[in-house]
Structure formats: structure tokens, C-alpha cells
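Welcome! Please keep the sequence and the 3D view at hand as you read.

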Amino acid sequence: MKYVLASKSPRRKELLELLDIDFDIVSADIDETVNPSLPIVDEISRLSYEKAFAVSDMLSSDTVIISADTVVELDGKILGKPDDKNDALKMLKALSDNTHNVITCVTVMCGDKHLTEAVTTKVTFRKISNTEITDYIKTEESMDKAGAYGIQGRASKFVSHIDGDYFNVVGLPVCTLSLMLKQFDTTTEE
């Protein structure tokens, strides 16, 4: 089977490599604006599906397309990628000494068949000092990540507890995705 990852995220690429499948990367260019009046999971599922659909016209109908979208949610509000360092500072202060949800929606699409699954992981940050937040922002690590942090990087020292799939927080719930892919693989037997 031919697989395509509809994402330019280096983290998703690394995680998909854990599944030992050969894949190409075709970046999806969609409007990722979220309607705040709609349920968060519905909106993230829509974005994940739209990413897969956006690249489907470029590929043969037997190509399995994998796409995902990840958000950080705190008290019903989505914390996306920060606009600037000041925005990152606000987000990290809000996450300090608090528990938030990381929601990733994954879509697998091949021809007319598609599945979308949502995975939520609860992440708890310890109390972070203003100096720690400022020092972390200076590393620039926070600037391209939802919620202004990467659990797999320097921000790991802020995480006191997670409840759920660690890989989901990085950006791709590997276990869920592997089970989804089985539903598209006609060569394996249960």
C-alpha cells in the first residue's frame, strides 16, 4: 500500500516512522480557522478531514492518506500556536499550576472511505515561575506549537502528570492510528 502523511510537522513524521510504513509527505494547505461557537472536537475533526481531503485530488484513489490536527484546550478555550512571544507568555502563565486537555483528531482516508478519531490527553503543569517561562520562551521552542510548548522538549520539566497517550500530546496518537490503519489494510488477517 502507498501511504501519504498530509502534514509538514517534523514531529508527526517521526511518530509515523514508528509504525514501520513507507510514506511520502504531501503538505495540506487549508484555512485552519476554528469556529469558537462550535464544539472543539467537531472543529478539530473537521480540520483533520479537510487536510486529508485537500491532498486527495493529487493522489491515486488507492493511496492511504493520514492527517491530524492537535489543539490545547484550557477551560473551553483553544490555545493554538502563539502569535508572538507575548502570546506565548500568556499561554504558559495560564497553563502553570493547571490541568489542560490536548486533543488530536486523526483522519485516515483512502478513496471514498475515511475514518476520523479524536484522542484526548490530560496534561498537568506544575507551578512555573515567571523566570522559567521567560527562559523557555527565549529558546524559541514554544513558537510553533499549540499551547506554546512541546512536551518532548525543554517544557517536559513543567509536566507533573499526564493522563492518556503521551504521543497524542506530541501530535500523533500512534496506537489509535495503528488500529485505524488496520481497517484499510486488506493484506493482513486478524
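## Tyr149 and its neighbours

Let us begin with Tyr149, which touches Val72, Leu92, Leu95, His100, Val102, Val123, Phe125, Tyr136, Ser142, Ala155 and Val169, leaving aside residues up to four places away in sequence. Contact here means heavy atoms within 4.5 Å. Please note that this is a predicted model, in which local features need pLDDT of at least 70 and side-chain atom pairs count only at pLDDT 80 or more, while totals for chains, interfaces and linings use all residues. Residues are numbered from 1 along each chain as its sequence is written, and side-chain values use heavy atoms, with hydrogens and water left out.

## The nonpolar cores

Which residues touch the most other members of the largest nonpolar core? They are Leu92 and Tyr149, in a core of 42 residues. The largest share of this core, five residues, is supplied by strand E3 (residues 63-74). A second, separate core has nine residues, among them Val4, Val55, Leu59 and Met109.

A nonpolar core is a set of buried Ala, Val, Leu, Ile, Met, Phe, Trp, Tyr and Cys residues joined through side-chain atoms within 4.5 Å. Buried means under 20% relative accessible area, exposed over 50%, and partly exposed in between, using a 1.4 Å probe and protein chains only. In soluble globular proteins, nonpolar side chains tend to be buried together.

## A closer look at Val55

Val55, a member of the second core, is found in helix H2. Its relative accessibility is 0%, so Val55 counts as buried. Its contacts, not counting residues up to four places away in sequence, are Ala6, Val26, Ser27, Ala28 and Ile65. Val55 and Ala28 are 27 residues apart in sequence, yet their C-alpha atoms are 6.0 Å apart in space.

## Aromatic pairs

How many aromatic pairs does the structure hold? There are five. Rings of Phe, Tyr and Trp (its six-membered ring) pair if their centres lie within 6.5 Å; planes under 30 degrees apart count as stacked, over 60 as edge-to-face and the rest as tilted. Tyr49 and Phe53 are stacked, because their ring centres are 5.9 Å apart and their planes are at 15°. These two residues are four apart in helix H2 (residues 40-56), so about one helical turn separates them. Tyr49 is partly exposed at 30% relative accessibility, and Phe53 is partly exposed at 45%.

Phe125 and Phe158 make a tilted pair, because their ring centres are 6.1 Å apart and their planes are at 55°. This pair links distant parts of the chain: Phe125 sits in strand E6 (residues 113-125), while Phe158 is in the loop between helix H4 (130-138) and strand E7 (159-163), 33 residues apart. Both Phe125 and Phe158 are buried. Together with Tyr136 and Tyr149, they form one aromatic cluster.

## Asn168, a buried residue

Asn168 has its place in helix H5 (residues 166-170). Is Asn168 buried or exposed? Asn168 is buried, with a relative accessible area of 0%. Apart from residues up to four places away in sequence, Asn168 touches Thr70, Val102, Thr104, Val119, Thr120, Thr121 and Pro173.

Most residues other than glycine have a negative phi, and most peptide bonds are trans. Glu140 is not a glycine, but has a positive phi of about 70°; Ala148, also not a glycine, has a positive phi of about 65°. Glu140 is in the loop between H4 and E7, and Ala148 has its place in the loop between H4 and E7 too. Glu140 is partly exposed at 43% relative accessibility, whereas Ala148 is buried at 0%.

## The chain as a whole

Stepping back, the protein chain has six helices and seven strands. Helices (H or I, at least four residues) and strands (E, at least two) are DSSP runs, numbered from the N terminus. Along the sequence they follow the pattern β-α-β-α-β-β-α-β-β-α-β-α-α.

The C-alpha trace spans about 55 × 30 × 25 Å along its principal axes. Buried residues make up 48% of the 190 residues in the protein chain. Of the contacts between residues at least 6 apart in sequence, 66% join residues at least 24 apart.
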